Structure formats: structure tokens, C-alpha cells
Amino acid sequence: MSTEISAYPSSVLVGFIQFLIIIVLAPLLTGIMRRIKAITQKRIGSSIFQTYFDLLKLIRKDEVISEESSWIFRYSPWIIFSATLVVAFFIPILIPYPPFGLGFDIILLLGLFGLCRFFLMLAGLDVSSAFGGIGVSREMMTSSLLEPALFLVLFTLAVTYGSTNIYTIVSHAAEGSMMISASILFSLFGFFIIVMAETGKLPFDNPATHLELTMVHEAMVLEYSGKRLAVIELSQSIKQLVLMILFINFFIPWGLSTNFSPATMIGGLGIFLTKIITLGVLISYIESKVAKWRLFRIPDLIFLCMASGLMGMIFLYI
Amino acid sequence: MVYNNLLIFLSGTLLISTIVLVIKREFSGWIQAYRYQTIVLTIITVVIGYITNNWEIYVAATITFSLKALIVPRLLIKVTENISYDFKNETKPYLSIRTLLVGSAILVALSYFSTQQIRLGDDVIAMSFLPVSISLLLIGLLVMVGRKVTLNQIVGLLILENGLFLFVLSLTHGISLIIEIGIFIDILVGIVISSILIHRIGYTFDDINDVNQSHENLEYTEELD
């Protein structure tokens with residue numbers, strides 16, 4: 001849609017600005033969420049810019065790579081990073097129009113995230129350490145359940161707004177004055193739980209822990225160090241930011257600029273930043289309220305998403 | 001109608017709060033979820049009262065909130081304080097939580113499908129809340145059948161009871177206040193009786209535990225001899 005608008009060079013510029021905002025702000029959001037979590041636990045916590053310092057430190061450090069590892073272990077951080085960057089190019093922040101003249105489909109997004117996860121799991125298995133194996137088997141269990149739930153929730157959304165193209169969904173959502181049907185409510189509920197699961201938040205995974213028995217994501221990247229660890233951490237932050245942006249743009253898109261005038265776009269950016277920080281604070285607050293669930297109870301929560309998506313579908317067809 | 005969107009929205013919220021109630025496994029968790037569900041039901045009652053412009057429904061909403069969101073949960077928590085955790089936590093239900101969730105989604109579909117056949121005219125309230133109330137009834141029955149622990153079977157009963165309340169409200173737009181209050185007193189008496197029973201159950205089970213322990217101690221001392 002609206003491919004003629006993207007012929008302007010300004011739209012390409014806007015696309016690059018969006019890309020830069022995602023890349024630069026992703027570690028900051030992680031830092032803010034860590035800080036909020038620390039405050040809710042009555043700790044002072046590290047500075048919100050600590051994640052940048054961590055990344056810089058990791059980039060400067062030497063790497064240790066196991067002799068037993070194959071090329072998969074060495075290349076998968078770059079594959080994960082590039083797939084995440086491709087996603088970051090197409091996520092609408094300022095305006096719901098395709099900046100590079102290409103539409104971006106939800107299924108492509110899920111496919112790129114699936115590619116990231118596939119290579120992360122392969123890298124975890126490749127070095128054949130015990131913890132890698134544990135983390136990978138857990139990740140496989142949750143992701144194989146999460147994906148159908150995510151599909152159900154997103155298809156509810158796609159059927160409601162009449163397209164699987166992200167820009168169409170976001171612009172239709174932004175035009176409506178309120179949520180146009182109750183099925184959006186069900187997919188909001190399901191998508192929120194999925195965002196918590198995909199970004200490794202507390203009922204599902206606890207990234208802050210270093211107890212081997214409870215970690216999922218950390219166990220897979222345990223063997224990485226130096227630059228490759230920095231790349232993986234950065235792509236994890238970007239993935240978190242992208243999912244939260246999608247949540248905001250799909251379900252609370254009001255305030256999004258609908259034309260290319262700079263004033264409305266800067267205003268929209270301000271509203272967007274407020275929304276995303278509020279969402280981050282909300283997620284960290286929920287994280288402080290719940291404990292880590294037992295691994296075999298996690299499917300219950302994911303089935304809750306599926307039931308929610310199913311009910312959304314039912315609401316669409318009655 | 002102006003209210004159509006709001007009503008469908010509220011029925012969606014009520015269904016979400018119901019399925020959140022279904023996944024809770026332990027006693028304190030579902031009490032909390034039941035409280036939220038009742039608050040949503042109260043909001044629905046107030047909205048129906050506003051649309052039909054009937055002051056009796058506001059009274060019913062106040063009683064619903066104070067009875068089901070404040071008194072009943074506190075009573076149940078207080079009564080079950082001394083019961084050991086094993087009798088409150090659902091470890092091996094007859095139907096697993098996942099089956100319950102998928103089953104309740106199917107029941108929601110079923111109730112919407114079956115109420116589509118009824119001609120309700122242009123009654124917006126009945127059209128949006130009748131299917132929800134029937135699905136609440138069916139989900140309550142399913143939960144009651146699926147759980148093994150006696151305490152947790154009350155969840156099903158309470159969901160069913162909320163469903164009945166909504167059913168009556170959506171079809172009649174507020175029955176006479178006297179009947180409403182009578183029903184509420186029935187619920188209160190029922191909960192009081194069941195809590196006395198729960199108390200007795202807890203007492204007996206604690207006794208059984210004690211007997212077992214003293215038995216073990218006895219065997220131990222015999223071995224020592």
C-alpha cells in the first residue's frame with residue numbers, strides 16, 4: 001500500500017531514523033527495566049546506561065572459543081544479529097508507512113525470529129556442554145508451544161484489520177477511535193503474555209539468575225564471550241524492543257503520526273517514548289509480583305494465550 | 001446502539017477474567033482471581049443499571065460487590081487458614097488445566113453458537129450477555145467436574161453462581177429486589193455452611209495427619225526397643 005509515498009527520499013530518511021532509534025534505544029530500555037526491577041526490590045540498582053558500558057566492555061574483551069565447536073558456533077551470533085537488524089529496518093515507529101517501498105508481513109517477522117531462535121539453539125547444542133543442552137531443550141519446548149499461540153493471536157488481529165501487512169494493521173488500528181471489536185481485547189491479552197515469554201520475563205525465565213537449574217536463555221549463550229556475546233545481548237535487547245513496539249502499535253497506536261510533517265512526527269515520537277517506557281515499567285512491576293513458575297506449568301500459561309486467541313477468533317465470527 | 005461496543009467489550013473482559021480463574025491451581029490464587037471476576041461482574045451490573053435506568057440494579061451491584069468480592073473471599077481464606085497446603089493445591093486434577101482451557105474455549109464457542117438461534121429482537125443487553133452467562137455456567141460445571149480437591153471444586157460453584165446472576169440479569173433486566181436479596185442471602189448461607197464443613201474437614205484431616213505421625217513414632221520406638 002501507499003508505495004507512491006515511499007518514492008520520496010524523505011521516507012527513506014525516516015526509515016533510517018526509525019532503524020537508528022531502535023538500535024540505539026534497545027539497550028537503554030533494558031537498562032531502564034533492570035533499574036525499575038531493582039527499585040521494586042528495594043535495591044538502588046545500576047545506572048540505566050549500564051547496559052551500554054557492558055556492551056562496550058564485552059566488545060573490547062578477548063574471546064574464548066571452544067576447540068570442539070564448529071563453524072555454527074562462530075557464525076550464529078552474526079546470523080542472529082543480521083536477522084534482528086532486518087526486522088529492525090521494517091518496524092514502524094514514526095509513521096505506519098513502508099519507508100523503503102516494501103511491505104513487511106507478520107509471517108516474515110515470525111520467520112526471522114524463528115531463524116534467530118533456530119541458530120541460537122544450534123549454537124547451544126554445538127559446544128555440547130551440559131547446560132547448553134538443558135537450555136536448548138527447554139527453549140524448544142516453550143517455543144514450539146509459543147509459536148502456534150502467537151500465530152492464533154496475530155491472525156485474529158490480521159482478520160480484524162483485513163491484512164497481514166504490519167503497516168496496514170497499524171494504520172487501520174491508528175485510524176479507529178477505539179478498539180473496533182472485542183476480539184482485539186483477547187489478542188491483546190494473549191500477545192502481552194507472549195511478549196513476556198519471548199523476552200524471557202519472570203514467570204517463564206529469569207535472565208538475572210545464574211543458577212543453572214532455572215535459566216533458559218542464559219544457558220544457551222553460556223559458552224559465548226567477548227564480541228559474540230555482545231552481539232547476542234544486543235540482538236536480544238532489540239528483539240525485546242521490537243516486540244514491545246509491536247504491542248504498542250497494534251493495540252494502543254493512538255498518537256502515531258499519519259503524515260510526513262516533522263512536527264507531528266516529533267510529537268508522535270514523544271508520545272511513543274512515553275508509551276514504551278510505561279509499558280516497560282508495567283512489565284517490570286508485574287515481574288516483581290510473580291515468582292518463576294515450574295517449567296512444566298509454563299505450558300498452562302501458553303495454553304491460556306491459545307484459548308484467548310481462540311476466543312478472539314470466535315468473537316470475530318459471531 | 002451506542003452501548004453495543006461497550007457491552008461486547010465488557011463481555012470479553014468477563015470471559016478473560018473467567019479463563020484466568022480457570023488456570024489457577026491453588027486456593028489463594030483462585031480466590032484472588034474470583035475477586036477480579038466479581039469486580040468485572042459488578043461493573044457489568046452497574047452498566048446494565050445505567051442503560052435500563054433501574055435503581056434496584058445498582059443495589060444488586062452493591063450487594064454483589066460487598067458480598068462476593070469482600071465477604072466471601074475473606075471468609076473462605078479465614079476458614080481455610082489451618083488446612084495444610086496439600087488439601088488446597090490441585091496436583092492431580094481429573095482434567096488437566098490445559099484440557100480445561102481448551103474445553104472452556106470450545107464451550108464459549110458452543111454457547112455463542114446455541115444462543116444465535118434464539119430470537120432476542122433488538123435487546124442489546126441480552127444479546128451480548130446471554131451467551132457469556134451460558135458459557136460461564138458451562139465452564140463452571142466443567143471446572144467442578146475436572147477438579148479433584150474438594151476446596152477447589154468451590155471455584156466451579158462460584159463461577160456457575162456468577163453465571164446464573166448474569167443470566168437472570170441479562171434476560172429480565174433486573175428481577176424484583178426482594179428476590180435478588182433472597183438469592184444473595186441463600187449464597188451467604190450456603191458459603192457459611194460450606195465453610196463450616198471445610199472447617200470440619202480441615203480439623204479431621206489434621207487429626208488424621210496427627211494419627212499417622214504418632215503411628216510412625218510408635219513404630220520407630222518399637223524398633224528401638
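Residues are numbered from 1 along each chain as its sequence is written, while chains are lettered from A and ligands numbered from 1 in the order in which they are written. Because the model is predicted, local features need a pLDDT of at least 70 and side-chain atom pairs count only at pLDDT 80 or more, whereas totals for chains, interfaces and linings use all residues.

The model scores ipTM 0.79 and pTM 0.86. Confidence in chain B is highest in helix H2 (residues 27–52), at a mean of 90, and lowest in helix H7 (residues 177–224), at a mean of 65. Where pLDDT is low, the predicted coordinates should not be read in detail.

The secondary structure of chain B comes to 7 helices and 0 strands, where helices (H or I, at least four residues) and strands (E, at least two) are DSSP runs numbered from the N terminus. Among contacts in chain B between residues at least 6 apart in sequence, 74% join residues at least 24 apart. One helix pair in this chain is H2(B) and helix H6 (residues 150–172) of chain B, which pack at an angle of about 5° with their axes 11 Å apart; axes are lines fitted to C-alpha atoms, for helices over the stretch in contact, and angles run from 0 to 180 degrees between N-to-C directions. H2(B) and H6(B) are therefore roughly parallel to each other, as angles under 35 degrees count as roughly parallel, over 145 as roughly antiparallel, 65 to 115 as roughly perpendicular and the rest as oblique. Residues of H2(B), including Trp30(B), Tyr34(B) and Leu41(B), meet residues of H6(B), among them Val155(B), Leu158(B) and Leu166(B). By class, the contact of H2(B) with H6(B) has 10 nonpolar, 5 polar and no charged residues, with Ala, Val, Leu, Ile, Met, Phe, Trp, Tyr, Cys and Pro counted as nonpolar, Asp, Glu, Lys and Arg as charged, and the others, Gly among them, as polar.

In chain A, helix H5 (residues 130–161) and helix H11 pack at an angle of about 20°, with their axes 9 Å apart, which makes H5(A) roughly parallel to H11(A). The contact of H5(A) with H11(A) has 15 nonpolar, 5 polar and no charged residues. In the loop between H5 and H6 of chain A lies Ser163(A), which counts as partly exposed, with 18 C-beta neighbours inside 10 Å. Not counting residues up to four places away in sequence, Ser163(A) touches Ala158(A), Thr168(A) and Ile169(A). In helix H6 (residues 166–175) of chain A, the residues Ile166(A), Tyr167(A), Ile169(A), Val170(A), Ser171(A) and Ala173(A) are buried, and the buried residues of H6(A) pack against helix H4 (106–126), H5 and helix H9 (226–251) of chain A.

The contact between the chains takes 16 residues from chain A and 20 residues from chain B. On the side of chain A that touches chain B, the elements that give two or more residues are H7 and helix H11 (298–316) of chain A, and the largest share, 10 residues, comes from H11(A). By class, this side of chain A has 14 nonpolar, 1 polar and 1 charged residues. Helix H7 (residues 182–198) of chain A packs with helix H1 (residues 4–23) of chain B at an angle of about 30°, with their axes 8 Å apart, which makes H7(A) roughly parallel to H1(B). This contact includes Leu185(A), Phe186(A) and Phe189(A) of H7(A) and Ile8(B), Phe9(B) and Ile16(B) of H1(B), and its residues divide into 7 nonpolar, 3 polar and no charged. Ile184(A), also found in helix H7 of chain A, counts as buried with 25 C-beta neighbours inside 10 Å.

Terms used
Contact = placed C-beta atoms within 7 Å. pLDDT = per-residue confidence, 0-100. Buried ≥ 20, exposed ≤ 12 C-beta atoms within 10 Å, placed from the backbone.
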